[in-house]
Amino acid sequence: MDCLFCKIVEGEIPSYTVYEDEIVKVFLDINPMTNGDLLMIPKKHTEHLESIDEETLHYMMSLIKKMYLPLTNKLGATGLTISQNNGYGQEIKHFHIHMTPRYVDDGFTQGSNKEILKDVKDVWEDLKNL
């Protein structure tokens, strides 16, 4: 398989791993948005949110919660942004969660193109019966 993250799991590509167990690997992003920007990946290859099994997904979320305080205590972060991409915007087709420590005046933004946004009520009409 020609998956960058699978190669990291197998040790074919080195990483700055901060946590690892039989289910996941957590390592520093080599293209960080802030100091301590982490990626959490399941060791078993799965491409996106629709294909990851519920047990692994729940485990990963619980691990993020456990990592929050050490990130803030050791790095002085004042917050944490958690993000995950599927399809468009997903550069590596292996499920992964970004854990981006936040700092006052870090310049990290999650802006949007306001010109293409619909009225909130219109979006609600599309989604209200999920």
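# A guided tour, starting at the pocket

Begin by selecting helix α1, which gives the most to the lining of the largest pocket, with three residues. The model on your screen is a predicted one, and every stop below should be read with that in mind. The space in this largest pocket comes to about 690 Å³.

**The whole chain**

Zoom out now and show the protein chain as a cartoon, in which you can look for three helices and five strands. Followed from the N terminus, these elements come in the order α-β-β-β-α-β-β-α. The C-alpha atoms fill a box of roughly 50 × 35 × 25 Å when it is taken along the principal axes. Of the 130 residues in the chain, 33% are buried. Among the contacts with a separation of 6 or more, 53% are between residues 24 or more positions apart.

**The nonpolar cores**

Next, select Val26, Met40, Met60, Met67, Phe95 and Met99, which are the residues with the most contacts inside the largest nonpolar core, a set of 14 residues. At least two residues of this core come from each of β2 (24-28), β3 (38-42), α2 (54-75) and β5 (97-102). Which element gives the most to this core? It is α2, with six residues.

Keep Val26 selected and show what surrounds it. Once its neighbours within four places in sequence are left aside, Val26 is in contact with Tyr16, Thr17, Val18, Tyr19, Leu38, Leu39, Met40, Met67 and Met99. Another core, of eight residues, lies apart from the largest one, and Phe5, Cys6, Val9 and Ile41 are among its members.

**An aromatic pair**

A pair of aromatic rings is described by the distance of the centres and the angle of the planes.

**A buried threonine**

Move to strand β5 and select Thr100, which has its place there. Because its relative accessibility is 3%, Thr100 counts as buried. Not counting residues up to four places away in sequence, Thr100 touches Met33, Thr34, Asp37, Gly79, Leu80 and Thr81.

**The salt bridges**

Now display the charged side chains, for the structure holds five salt bridges. Select Asp2 and Lys7, whose side chains meet in one of them at 2.8 Å, N to O. Asp2 is exposed, with a relative accessible area of 70%, whereas Lys7 is partly exposed at 24%.

Continue to Lys25 and Glu20, a salt bridge in which the closest N and O atoms are 3.3 Å apart. Here Lys25 is buried, since its relative accessible area of 7% is under 20%, while Glu20, at 39%, is partly exposed.

Arg102 and Asp106 come next, and their side chains also meet in a salt bridge, at 2.8 Å, N to O. Arg102 is partly exposed, with a relative accessible area of 22%, and Asp106 counts as partly exposed at 22% relative accessibility. To see how salt bridges can share partners, select Glu20, Lys25 and Lys43, which are joined in this way into one network.

**A last stop in a loop**

Finish by selecting Asp105, which you will find in the loop between β5 and α3 (120-127). Asp105 has a phi near 60°, a positive value in a residue other than glycine.

Terms used: Residues are numbered from 1 along each chain as its sequence is written. This is a predicted model: local features need pLDDT of at least 70, side-chain atom pairs count only at pLDDT 80 or more; totals for chains, interfaces and linings use all residues. Side-chain values use heavy atoms; hydrogens and water are left out. A nonpolar core is a set of buried Ala, Val, Leu, Ile, Met, Phe, Trp, Tyr and Cys residues joined through side-chain atoms within 4.5 Å. Buried means under 20% relative accessible area, exposed over 50%, partly exposed in between (1.4 Å probe, protein chains only). Helices (H or I, at least four residues) and strands (E, at least two) are DSSP runs, numbered from the N terminus. Contact means heavy atoms within 4.5 Å. A salt bridge is a side-chain nitrogen of Lys or Arg within 4 Å of a carboxyl oxygen of Asp or Glu. On a 1 Å grid over the protein atoms alone, a cavity is a set of points where a 1.4 Å probe fits but cannot get out, and a pocket is an open set with protein on both sides within 12 Å along at least five of seven lines; lining residues have an atom within 4 Å of a point. Grid points are joined across faces, edges and corners, and a volume is the space filled by probe spheres set on the points.
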